[in-house]
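This briefing covers the strand pairing in the structure shown below.

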Amino acid sequence: MKQVILLCAALLLCSSVWSQQINGAEYFVDSDPGVGNALPLTVTSPDDSVSIATTVYASALPEGFHTLSRRFHDAAGHWGLA
């Protein structure tokens with residue numbers, strides 16, 4: 001029983017260390033302009049998971065296949081992968 005309690009406590013501690021608050025986001029189409037240089041997305045309520053709704057206008061894009069990418073950053077300013 002003691003081992004189970006210690007294991008649960010260790011898992012809770014690890015999850016709180018790994019979870020970060022997402023407080024910023026950006027997106028780009030096709031080519032990456034660099035971290036922090038893409039089109040910004042507004043994060044209204046920073047949390048460890050967010051839901052963002054936005055409109056991406058594709059009418060200016062040439063006909064064909066395109067890639068829409070996004071990346072997020074945490075409160076410490078660390079960016080995730082696109």
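Strand S1 (residues 22-29) is joined to S2 by 3 bridges, and these two strands run antiparallel. Strands are DSSP runs of E with at least two residues, numbered from the N terminus, and two of them pair if DSSP finds at least two bridges between them. The model is predicted: local features need pLDDT of at least 70, side-chain atom pairs count only at pLDDT 80 or more, and totals for chains, interfaces and linings use all residues. Residues are numbered from 1 along each chain as its sequence is written, and side-chain values use heavy atoms, with hydrogens and water left out.

**Pairing of S1**
- Ala25 has Leu41 as its bridge partner in S2.
- With S3, strand S1 pairs in the antiparallel sense over 7 bridges.
- Glu26 has Arg71 as its bridge partner in S3.

**The sheet**
- The order S2-S1-S3 describes an open sheet of 3 strands with antiparallel pairing.
- Strand S2 (39-41) and strand S3 (68-74) are the edge strands, each pairing on one side only.
- From one strand to the next, the twist averages 30 degrees, with axes fitted as lines to C-alpha atoms and angles taken from 0 to 180 degrees between N-to-C directions.

**Burial**
- S1 is mostly covered, with 6 of its 8 residues buried (under 20% relative accessible area, 1.4 Å probe, protein chains only).

Notes
Helices (H or I, at least four residues) and strands (E, at least two) are DSSP runs, numbered from the N terminus. Buried means under 20% relative accessible area, exposed over 50%, partly exposed in between (1.4 Å probe, protein chains only).
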